[in-house]
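Please go through this protein fold with me, one question at a time.

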Amino acid sequence: MSGVEERLVYQDEQLKIVLRGAPDVPFVALIGEIDASNSPALARALESCRQGAHIVVDTGALTFIDISGLRVLVMPMLPLSQRWIRLHNVTSYQRRLLRMMGWFYEPRTHHLPL
């Protein structure tokens, strides 16, 4: 993992957010559960990790996410060109929720420096 640094950005009883900084694009891993109680903290944490045009957010280790968490990650009120979060490792459950909300799009894939 040469050149990759990990930093705990946020943690509560349900959610842990870890930033894996790399020279090109910040990579954020979400672990646990997101709901209305911690989605505002998620939004603040992701904004604090933003360094450039976008960040990559790995949702594969989430065990639960509700509509408030999806809104933070998908930014449905913004035009697609202004959305700065790129989802990675989206689970089939998460894809199903995104489709149900009419927010589904094929997440961009990224080569991650792991």
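The questions below move from the sheet to the helices and then to single residues.

This is a predicted model, in which local features need pLDDT of at least 70 and side-chain atom pairs count only at pLDDT 80 or more, while totals for chains, interfaces and linings use all residues. Residues are numbered from 1 along each chain as its sequence is written, and side-chain values use heavy atoms, with hydrogens and water left out.

Q: In what order do the five strands form the open sheet?
A: Strands are DSSP runs of E with at least two residues, helices are runs of H or I with at least four, and both are numbered from the N terminus; two strands pair if DSSP finds at least two bridges between them. The pairing in this open sheet is mixed, and the order of its five strands is S1-S2-S3-S4-S5.

Q: Which strands stand at the edges of the sheet?
A: An edge strand here has a single partner strand, so one side of it is left without a neighbour in the sheet. The strands placed in this way are S1 (5–11) and S5 (85–88).

Q: How many bridges join S3 to S4, and in which sense do they run?
A: On its other pairing, with S2, strand S3 is antiparallel over six bridges, and lysine 16 stands opposite isoleucine 31 in S3. Towards S4, glycine 32 has leucine 62 as its bridge partner. S3 (residues 27–34) and S4 run parallel, and the number of bridges joining them is seven.

Q: Why do the buried residues of H3 line one face of the helix?
A: Buried means under 20% relative accessible area, exposed over 50% and partly exposed in between, with a 1.4 Å probe and protein chains only. In H3 (residues 92–100), Gln94, Leu97 and Leu98 are buried. Seen down the helix axis, these buried residues line one face because they fall, by the directions from the axis to the C-beta atoms, within an arc of 100 degrees.

Q: Which elements do the buried residues of H3 pack against?
A: On the other side of H3, Ser92, Arg96, Arg99 and Met100 are exposed. The packing belongs to the buried residues of H3, and their partners are strand S4 (55–65) and helix H2 (67–74).

Q: Is serine 39 buried or exposed, and with which side chain does its side chain make a polar contact?
A: Serine 39 is found in helix H1 (residues 39–49) and is buried, with a relative accessible area of 6%. Leaving aside neighbours within four places in sequence, serine 39 is in contact with Ile34, Ser68, Gly69 and Val72. A polar contact is a pair of N or O atoms within 3.5 Å, where within protein one must be able to donate a hydrogen and the other to accept it, and residues adjacent in sequence count only if both atoms are side-chain atoms. At 3.2 Å, the polar partner of the serine 39 side chain is the side chain of serine 68.

Key
Contact = heavy atoms within 4.5 Å.
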